[in-house]
Amino acid sequence: YREMDMLLATGEQQSASLLAMTLNNMDCKAISLTGWQAGIQSDSTYSKAKISGMANQRIFNEINQENVVVIAGFQGISPEGDITTLGRGGSDTTAVALAASLNAEKCMIFTDVDGVFTADPRIVADAKKLSKVSYEEMLEMASLGAGIMHSRAAECAMFYNVKVEVGNSFNNSPGTLITEVANMEKHRVVSGIAHDKNCARIAIFDVPDKPGIAMVLFKALAKVGINVDMVIQSAMRDNRNDIAFTIEQDDLEKAVPVMEKLVKEICASGMSYVDDVAKVSIVGAGMQSNPGAAADMFEALAEEDINIHMISTSEIKVSCLIDLCEIEKAVKVLHKKFALDKLV
């Protein structure tokens, strides 16, 4: 992994230097810096390191010399002095972390879409671009499958209160501002529909009902780097329960042997797994003070004969696990149910 990070980090460095060269040729003074030259410090987890600190004196020195500073994102330096890459979402997270450490007025992230929409425009033709979303809503949308911004970057922005605007690289239209939005619940209950096809469900049958069993199960998955999302435990019968949970589909191959071994160790009767499921979610800060959103969601899905396998909730979201083949229909009916095409 160390050598792979050494290799992968060169891509951003090439892009940074080429951009700096282009700016200089346009009579705009610029200098490119690698992540570690810019003072981006990380832990030692190769391929998915986390930013641990920022030492940005070099950046300020270059700015004081009136240079545009072009920094290679997605990379840092470990306490041992080795190059690390920051894993999925690392580029957006770098931008937000730099904005926080430099006390920037705003962090602007340019991508290939106009901003954050009420649903995926590829599925819902009349999806609307949101002018503003709250940090909490963006974090939920990102973690629930909306690909516009990674949840790590949204979490960093919320923690350090960094205003972020997501816009399109190919036009000058205003994007979506991610910030604290006061009194948002007064004019919209649900802000968007998120969906995630990268899901798999694992069920373990007849698990002994005693303290510590859930800890054993989920600690084993954590040890191999697998995150668990939805969890449901059935009603007890004969001092045994069934436990079902979801993980990313990409992790299924790694999870199955771990669970098969544990089934024997804890004396469960067996397990099953499927990867033809998907998650659809409604997200909105206004749900905290407007009861009934969950009931409306379930009603809309029932009217279309869409069966719900699992449910999870938080203060500002409700997620349902459904069959993969139903996911696009579910997104469309929920978008219509909550009149998101009418948002201004």
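**Ground rules**

I worked from a predicted model in which local features need pLDDT of at least 70 and side-chain atom pairs count only at pLDDT 80 or more, while totals for chains, interfaces and linings use all residues. I numbered residues from 1 along each chain as its sequence is written, and side-chain values use heavy atoms, with hydrogens and water left out. I took helices (H or I, at least four residues) and strands (E, at least two) as DSSP runs, numbered from the N terminus.

**Entry 1: the open sheet**

I looked up the strand order and found 6 strands in an open sheet, β12-β13-β11-β14-β16-β15, with antiparallel pairing. Here two strands pair if DSSP finds at least two bridges between them. β12 (231–233) and β15 are the edge strands; each has a single partner strand, so one side of each lacks a neighbour in the sheet. I noted an average twist of 25° from one strand to the next. Angles run from 0 to 180 degrees between N-to-C directions, and axes are lines fitted to C-alpha atoms, for helices over the stretch in contact.

I then went through two of the pairings. β14 and β16 run antiparallel and are joined by 7 bridges; lysine 279 has leucine 321 in β16 as its bridge partner. Strand β15 (residues 310–314) pairs with strand β16 (residues 317–323) over 5 bridges, in the antiparallel sense. These two strands form a hairpin with 2 residues between them. Serine 312 is bridged to serine 319 in β16.

**Entry 2: helices on the sheet**

Which strands does α7 touch? Helix α7 (residues 252–265) packs on the sheet against β11, β13 and β14, and its direction makes about 130° with that of β14. Contact means heavy atoms within 4.5 Å.

I checked α6 and α7 against each other and found an angle of about 150°, with the axes 10 Å apart. The pair is therefore roughly antiparallel (under 35 degrees is roughly parallel, over 145 roughly antiparallel, 65 to 115 roughly perpendicular and the rest oblique). The crossing of α6 and α7 is right-handed; a crossing is right-handed if the near helix is turned clockwise from the far one by less than a right angle, and left-handed if anticlockwise. Val216, Leu217, Ala220 and Leu221 of α6 meet Ala255, Val258, Met259 and Leu262 of α7. By class I list 8 nonpolar residues in this contact, with no polar and no charged ones. The classes are nonpolar for Ala, Val, Leu, Ile, Met, Phe, Trp, Tyr, Cys and Pro, charged for Asp, Glu, Lys and Arg, and polar for the others, Gly among them.

I also looked at helix α9 (residues 327–337), where Ile327, Ala330, Val331, Val333, Leu334 and His335 are buried. Buried means under 20% relative accessible area, exposed over 50%, and partly exposed in between (1.4 Å probe, protein chains only). The buried residues of α9 pack against β11 (192–208), β14 (270–283), α8 (293–303) and β16. Just after α9, alanine 339 has a positive phi of about 50°.

**Entry 3: α4 and α5**

Helix α4 (residues 135–143) packs with helix α5 (residues 151–160) at an angle of about 165°, their axes 8 Å apart. They are therefore roughly antiparallel, and their crossing is left-handed. I listed Tyr135, Glu136, Met138, Leu139, Ala142 and Ser143 from α4, and Ser151, Ala154, Glu155, Ala157 and Met158 from α5. The contact of α4 with α5 divides into 7 nonpolar, 2 polar and 2 charged residues.

**Entry 4: two alanines**

Is alanine 153 buried or exposed? Alanine 153 lies in helix α5 and is buried, with a relative accessible area of 0%. Its C-alpha atom is 4.2 Å from that of threonine 93, 60 residues apart along the chain. Beyond neighbours within four places in sequence, alanine 153 is in contact with Asp92, Thr93 and Val96.

Alanine 97 is in helix α3 (residues 90–101) and counts as buried at 9% relative accessibility. Leaving aside neighbours within four places in sequence, I found alanine 97 in contact with Ile51, Met54 and Cys156.

**Entry 5: strands around β10**

Strand β8 (residues 132–134) and strand β10 (residues 176–179) run parallel and are joined by 3 bridges, with lysine 132 opposite leucine 177 in β10. Strand β9 (residues 164–168) pairs with β10 in the antiparallel sense over 3 bridges, and valine 164 stands opposite isoleucine 178.
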